[in-house]
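Student: Could you show me how to read the surroundings of a residue, and then how to read aromatic rings?

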Amino acid sequence: MRRVGTLLCSRVTVVALAVVAGSVSVAHAQTSEPVTFTDDIRPIFERSCWNCHGAASQLSGLDLRTRDTAITGGARGPALVPGRGEESRLYRVLAGLDGPKMPMGGGAVSEVEVAAVRAWIDDGAHWDGGGAPDAEAVVASLEHAELPTGARDYWAFKLPEKARVPASSTYQHPVDRFLEAARRDAGVSAAPRADRLIRLRRAYLDLTGLPPTPAQTDAFLADTERGAWERVIEELLASPHYGERWGRHWMDVARYADSTGFEQDYNRPNAWRYRDYVIDAFNRDKPYSQFIREQIAGDELDHVTDETLIATGFLRAGPRVQFREKDNPERRHDYLDDVLATVGRGVLGMTVQCARCHNHKFDPILQRDYYSLQASIFGYVETDWPLLDRDAAAAYRAENAAVDVQSEAIRVRIREIEAPHRHALLIERIRRDFPDNVLQAAIKSAEDRTPGEALLADQVLTLGVPQQALADALTPDEFERRLALQADLDAVEATRPPEPPMAEIVTDGDYRFAPDGPGDEIIGCVECRIPPDEPGTFLYEEGGPSYKAPPSYFLSRGDPLTPTEPSTPGFLTVATYGDPPTHIPREDGRTSGRRLALAEWLTAQDNPLTARVMVNRIWHHHFGRGIVRTLDNLGQMGELPTHPKLLDWLAVQFMDRGWSIKEMHRLLMTSEAYQMVSGHDDQPSYDADPDNTWLWRFRQQRLEAEALRDTIMTVSGGIDLTVGGPPIFPYVPEEVLKTSEKGVWRNQPDGPEVWRRSVYVYRRRSLGFPFFDTFDLPDQNQTAASRNVTTVATQALTLMNNEFVLNQAELFAARLEQVAPGNLDEQVDLAYRIALTRTPTAEEAQIAKALVSEQSLADLTHVILNLNEFLYLR
């Protein structure tokens, strides 16, 4: 019926359009006022067409700026057939007769306007008054664009309201009441409560990522007093392992890794301090609002500590290329785009990054909003901070800077000796490895290069040359002089103060270019308009007592090389209520206060997005799917909430309870919905809702890669539960390491030193830990709202053949033998209790004992580690 209804509706629409089109034509015929481009069509094009098919872009190769280009058309053929509207693709996609229906996002076209377009084409599609505005006019219109009418009518941009909890004669819990009302409308019935042991294992794996021990199981079963379930939840929330589990969820959002990524994939030796900050924040139930403020502006708060400085590592957690930004100005904007994409998707549930080059195609996010957000963070710079008291930190940095000046002066002299030989060797490399046009671009002077040649030269002239070849190219005199300078450099470096514990942080500052001057060449150029062949270096400068944020610009089409007007800090217009400040002056004047203002806007009570996004994410991890399935996209291209009133009720409750994540756990886990059985056979409910949209039974969830590895080590008894500290490097076969030779991996043999929780495994962007990759580790280069769950042969093969799994199975068997030596019945019983939090059935016990008798106890433990019941949270 649904398909028939849709077809009927389409036919009615076509008939209506034809009637309207006819009436328009008749009206114009009677009044002798034909449809004109200037009066009737141009306003439609300005609002609905030229964003994608005008000066800013020509999607699908279609340019609608002139009559000729519209007739020529794009990838799908001519858009206009003058005199024949019915055959013109422009009319057909506007009317919905051909797909995709246009416009795809924003600027909807009414039926009367569609009819006017057809009448105009039928009259010959005359283009009086000129075509689309030029590029400058388009940019100006984008810079000063306003929200379309009704933009805030979409559910996600309305402030959440705490709806009245539905009445119920069955449930007391508010969550269950909301769910019951939706189930009743859908014609499904809730499953019964799961037994105590299933619920216990579910809670342990959900909150800590570790299964309960037999002692913990016995203690729960022995607690028959009222409130036993609530007490076990409290015990788990108080566990230091709770933060390891739920902090890992956030690190997916934060795109955390221990290396920089890209080709070289350099080590980030202090990145782990941000990881430990996240774990500690979850363990302490830091209010989510404060958690966000510290990560966005931990250096700008009224009370700045080492902890809040470490928190700013969130902003620099993404991938970085170790290129000189003088030669690659686009890098700075790529990093800013990475930050905005992470904040947008991870905190706001909006694809903000899609507005870098034009207004968002589907959501009311203006391009000027993008550059206002960029201006809010533009002044940030990345630096390493000594974790010392203020005076000691200042002294260390002063001593270190003095050594830097001396060292750089010597390095300049070494580079002067090497420069001609390095250039000659580089040209030879380009001649050998690249086409002739690249070589010609490289050997030309900068003034003689075309823009295309300049781009080629910029890419290849930053390549390196082999150090041995460089040494061999030196004359004997040059070699001796360089050797003496290297000895001087080593002597100066020996005076460098010992490095204290350091943190990778963000603060406000600037990069200035010092022609031929000493200083560290580092990433982060703010003003990158220096000719690429000009000698010199970038110097990092922190904000001083009268710091002024560097200017940022609205970029035409998002191109760093085409800045237009300066941008001012601001937020998403559609999600901003009132007039919040765009900067909050700081008493010491060392930062702009712009990021603090952004953080305050993100966590304001009248921000319609932030609380919704977080409670939806918490719901997803507890129930296997968000109320909005697209966790990082609450916009038009995301899915609609299945229970919108419940989502808003939870969002308001979250804010009213002090943004406490642990309070949300308590609320959700004490609901009957959380405690339902998962294996419930209810054919009528299944027929009505096979996808379990209305949550009539609990959703089984496969353990993530880290939780699976941790659970294996827990049941074997080998896990080291030490919390925090530098990363570990579990064994990776050498043949795997050779597939990606850049980056760091300090291979350690499989053993107790690497049997720590998986959150502490080194995260290398260019080479994921193979066990994690097999079980769907997300892309570590971008924010990940949720993880894919695949079922592939390599997962079964890994659990059957992986050396780590085999060793853990042996260790598990040894544990059973130690606890119950020679007692096979007790060993089988204990194996099930440890691994599955239950005793075996009589049939399972019989099969298990037969397997041990025919093969070995280790074969039994290995089989148990391969059971679906072991791999899934049920």
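Tutor: Let us begin with contacts, keeping in mind that this is a predicted model. Leaving out residues up to four places away in sequence, Arg586 touches Glu300, Leu301, Asp302, Thr591, Gly593 and Leu596. Arg586 itself belongs to the loop between strand S5 (563-566) and helix H23 (594-602).

Student: Is Arg586 buried or exposed?

Tutor: Buried means under 20% relative accessible area, and Arg586 is therefore buried, because its relative accessible area is 17%. Its side chain also reaches the backbone oxygen of Ile584, at 3.2 Å.

Student: How should I read a pair of aromatic rings?

Tutor: A pair of aromatic rings is described by two values, the distance of the centres and the angle of the planes. The whole structure holds 34 aromatic pairs. In one of them, Trp250 and Phe314, the ring centres are 6.1 Å apart and the planes stand at 25°, so this pair is stacked. It links distant parts of the chain, since Trp250 is in helix H12 (residues 240-253), while Phe314 is in the loop between helix H15 (306-311) and helix H16 (330-348), 64 residues apart.

Student: Why is the pair of Tyr370 and Tyr371 edge-to-face?

Tutor: Planes over 60 degrees apart count as edge-to-face, and the rings of Tyr370 and Tyr371 have planes at 75°, with centres 4.9 Å apart, so the pair falls in that class. Both Tyr370 and Tyr371 are buried.

Student: Where does the charged end of Arg332 sit?

Tutor: The charged end of Arg332 sits over the ring of Tyr380, 4.8 Å from its centre, and Arg202 lies over the face of Phe698, at 3.6 Å from the ring centre.

Note on methods: Residues numbered from 1 in each chain as written. Predicted model: local features only at pLDDT ≥ 70, side-chain atom pairs only at ≥ 80, totals over all residues. Heavy atoms only, no water. Helix = DSSP H or I, 4+ residues; strand = E, 2+ residues; numbered from the N terminus. Buried < 20%, exposed > 50% of the residue type's maximum accessible area, 1.4 Å probe, protein only. Polar contact = N/O pair within 3.5 Å; in protein donor to acceptor, adjacent residues only side chain to side chain. Contact = heavy atoms within 4.5 Å. Phe/Tyr/Trp six-rings, centres within 6.5 Å; stacked < 30°, edge-to-face > 60°. Lys NZ or Arg CZ within 6 Å of the ring centre and 35° of its normal.
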